[in-house]
Amino acid sequence: MSHVSDGDHGDSGHHHHHLPVPGGAGGGGGGGGGRGRASTATSSSETRTRRGETHHYLHHYEEFTNNDIVDQAFEECDLDHDGKLSFSEFRLWMERNPVVARFLQSVFPYDEYRDWCGDAKHLPFIHNRDMTAPSPASHSPPGTPTRSSSGGGGDGDDAVRLLLRAKALTANVDVQEAIDRLVATLRAEAGVDDGVGGDVGRLEPPLPSASPPLPPMSPRSSRAMHHQTIAKKGFLAKRGHRLKSWMQRWYVLVGNCIYYYQHERDKAPRGVIFLAGSFVEPLHDDENERRGHWGLEITRSQEHGLRRCLYTNSKVERDKWVHELRRASEVVPVEEDFEIGEELGKGQFSRVCQCVNKHTLERKAVKIIEKETMDAEEKELLRAEIAIMKLVNHPNIIRMEAVYESRRHIFIVMELHSGGELFDRVNGRPRLTEDEAFCVIYPLIESVAYLHEMGIVHRDLKPENILCGQKVGDIKIADFGLSKLVLPDEIMKMPCGTLSYVAPEVLTLNGYGREADMWSVGTIMYLLLRGRLPFDIDGESREKIIERTINGTIDTDDAVWKALSQDARDLMLGLLNKDIKRRMSAKEALLHPWILSRVDRMDTEPETFDF
């Protein structure tokens, strides 16, 4: 069993007992390799996650719904108006809407190692010689050998097709060139033009039979077709799987797909790598770099996904490919926007560093989580943490700025609250006065009431997870690594949190709800006003603390307790009530006389609450 971390800003050297959490705690993974799929298709290929939400950079397109897509498909491509799309009509629609085609490819990806050279199995949507997407009027995928319309036919054409299939099944360059020469001879005898640049075997499609005239393309489709351009092309090398020999291929990057060809002059690609959601990183390999091989790595965001290493002959060219491939994958590395600086704190599963926004020069904090150290439950907790931080918007809750993901890490960029933890601000100083404690407890209860209204239970409220500004009262709740979205009457079972602040119902393993957060608030209030914890005496064992929390009573006989106001004692006893049905809720606490009397004085005595 591992233990709950102390949160975003590390252990800080505080000796608290932590509850064991099945599989660990405190952090989890962002959205399926960093990305979930929405129910609305977006016609922009450039999407970035920023400030907890998704912004679409619509250079060329607009956002449209699934209903719009279906209406457009039938309006443009239901040629016989029977309310159905035949396969050829559906393929026509795909060719006219490459953005939608790429979306479908990302949902139902091709197998890169499949043999694409069989009949009607060539990769669609891109032609090695074209600078834009294929013509929408074409009903055959680019690169598919078909019968010539300009001559020949019969046995000659059959022989050419068989030779081309044989060529596709061999990797021997000499055999391929011999087949090319033989095909060229057969084509010459048949009086067929071989085309440009030695593209042997490129046979033109037959003339289409009479069919209804094609309707005009919608403006949206026209724009998508017009901007489906090649972003980068060139030779890249890779190492063979078995013999580790170097092999060079011609690569063409279009949209978020990179197609590869055995030769630059080939029409039909040998395969495709789908980049959407993939991680692209430069490789650092001194031995290969000394030999003139500068590598990059493409890794699928899904677990156990494909890993592809490709090499260029210079660092400059490698960096250009990395830049373009990252744009195509729509996974923006954190280093592109932030410069990561000194470490602020370190927990069991993550570390927190200061960072600077390269565009605005604003200082932020970034929580860096190592994915390889996380099990399935920890990743689920991190997914919940990110979802909750995207959801909340409250002045006393730390704000998430952005989420980034690399192959090995999750980066959560947050606002930087420069005053440190509440624990450090009050540790070693005299007990707070009731007015000083109010400056912390009032915004704390307000923010907990907000969370509970949103259906969120924090489950790890403690001074280390409350950050201060320049003033102690300028607080913000942090570290949602154990938080959970719950239904109104949902009962949680997983014991978690920091032992000194955990409610007794969590320890008895009988199930608990949002009332557990209010026990933690009562414990923090008790600590601020009395200078110690209610059931945790220094040096006691975990077992003793658990027994006292479940069965013990609060000491109300000492002089410090008796010196507190009746309202303060009543509020603490209401928050630390072991009967969850009688324990105060956040809304009830905000209406308590100890709170209301000071809220009324805040306007008339502002200096009293300037803490």
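Helices (H or I, at least four residues) and strands (E, at least two) are DSSP runs, numbered from the N terminus. What you see is a predicted model, where local features need pLDDT of at least 70, side-chain atom pairs count only at pLDDT 80 or more, and totals for chains, interfaces and linings use all residues. Residues are numbered from 1 along each chain as its sequence is written, and side-chain values use heavy atoms, with hydrogens and water left out.

Let's start with helix H15, residues 515-530. Of its 16 residues, 15 are buried (under 20% relative accessible area; exposed is over 50%, partly exposed in between, with a 1.4 Å probe and protein chains only). Just after H15 comes Gly-531, with a positive phi of about 80°.

Most residues other than glycine have a negative phi. Here are two that go the other way:

Now for a sheet. Five strands form an open sheet in the order E12-E13-E14-E16-E15, with antiparallel pairing (two strands pair if DSSP finds at least two bridges between them). At the edges sit E12 (338-346) and E15 (400-405), each pairing on one side only. E15 and E16 (residues 409-415) run antiparallel and are joined by five bridges. Across from Ala-402 you'll find Val-413 in E16.
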